[in-house]
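Visitor: I have the model open and would like to go through it side chain by side chain. Please start wherever you like.

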Amino acid sequence: MAIIVTKPEIAHSSIRTKVNELLYCLQVDAQRNKAIEELLIEKDNAIRELYKFSFGTRSYEEGVPGSRSDPFYHVVNIIALKEWYEKRINRYRLKHERFHTILEHLPFGDKETLIRAFCTTLEVDEKDVKEVIRKHLKYIESVYKKYERDALKRSMELSDDIEGPSEVIVPKADEEKRKKRLAKIRKTLR
């Protein structure tokens, strides 16, 4: 026997999927502050470990560029590691700010539910959290989409800085259609 799925059930299941995805995203974003603290400790330990090199030791690779006895090798590694950690920490900060942006626009009761669920060790019923997300689904989705657009814009600017502005190539068929439309508009305006 086949199961017939009607449209309201499909819509309901897609909403359930969106709520579950947002539940996960909110949980991850809320916990980014703790991850930042762990990253800062990890960064300090990793950089301290890289500073533990000695110029006085001899190596069979001495004088070979890029060898472990080359001081330039150590300096480049330290700088690269610092930059990597800073980028990662900044990404985590943006995600944690996104969580707080969402909280700022929620009513007090809903805000309290999300804070208790994601930022404390208190137990909260998952149904309550999902109900809050379901109630504010459009707003939460819009915040995530805004941050995605901003991230895309930043990556495009970075890409333009590195490679230069990219040319927009208009296919000939589209250009011909555009010229015809412009001609029609000009005729109507005369």
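Guide: R134 is partly exposed, since its relative accessible area is 34%, where buried means under 20%, exposed over 50% and partly exposed in between (1.4 Å probe, protein chains only). Please keep in mind that this is a predicted model, in which local features need pLDDT of at least 70 and side-chain atom pairs count only at pLDDT 80 or more, while totals for chains, interfaces and linings use all residues. Residues are numbered from 1 along each chain as its sequence is written, and side-chain values use heavy atoms, with hydrogens and water left out.

Visitor: OK, and what does the side chain of R134 meet in a salt bridge?

Guide: Its partner is E131, at 3.2 Å from N to O; a salt bridge here is a side-chain nitrogen of Lys or Arg within 4 Å of a carboxyl oxygen of Asp or Glu. Because they are three residues apart in helix α5, about one helical turn separates E131 and R134, and E131 is partly exposed at 41%.

Visitor: How many salt bridges does the structure hold?

Guide: There are eight. Another of them joins R116 to E112, with the closest N and O atoms 3.7 Å apart, and these two are four residues apart in helix α4, so about one helical turn lies between them.

Visitor: Is D29 buried or exposed?

Guide: D29 counts as buried, because its relative accessibility is 2%, and R98 is buried as well, with a relative accessible area of 12%.

Visitor: Changing topic: which residues have the most contacts inside the largest nonpolar core?

Guide: That core has 19 residues, and those with the most contacts inside it are L26, I102, L114, F118, I133 and I140. A nonpolar core is a set of buried Ala, Val, Leu, Ile, Met, Phe, Trp, Tyr and Cys residues joined through side-chain atoms within 4.5 Å. The elements giving two or more residues to this core are α1 (7–30), α3 (71–104), α4 (108–119), α5 (126–135) and α6 (137–163). Another core, of six residues, lies apart from it and includes I36, L39, I89 and Y92.

Visitor: What is I102 in contact with?

Guide: Leaving aside neighbours within four places in sequence, I102 is in contact (heavy atoms within 4.5 Å) with L26, Y139, I140, V143 and Y144.

Visitor: How many helices and strands are there overall?

Guide: The protein chain has seven helices and zero strands, where helices (H or I, at least four residues) and strands (E, at least two) are DSSP runs numbered from the N terminus. Of its 190 residues, 21% are buried, and among contacts between residues at least 6 apart in sequence, 72% join residues at least 24 apart.
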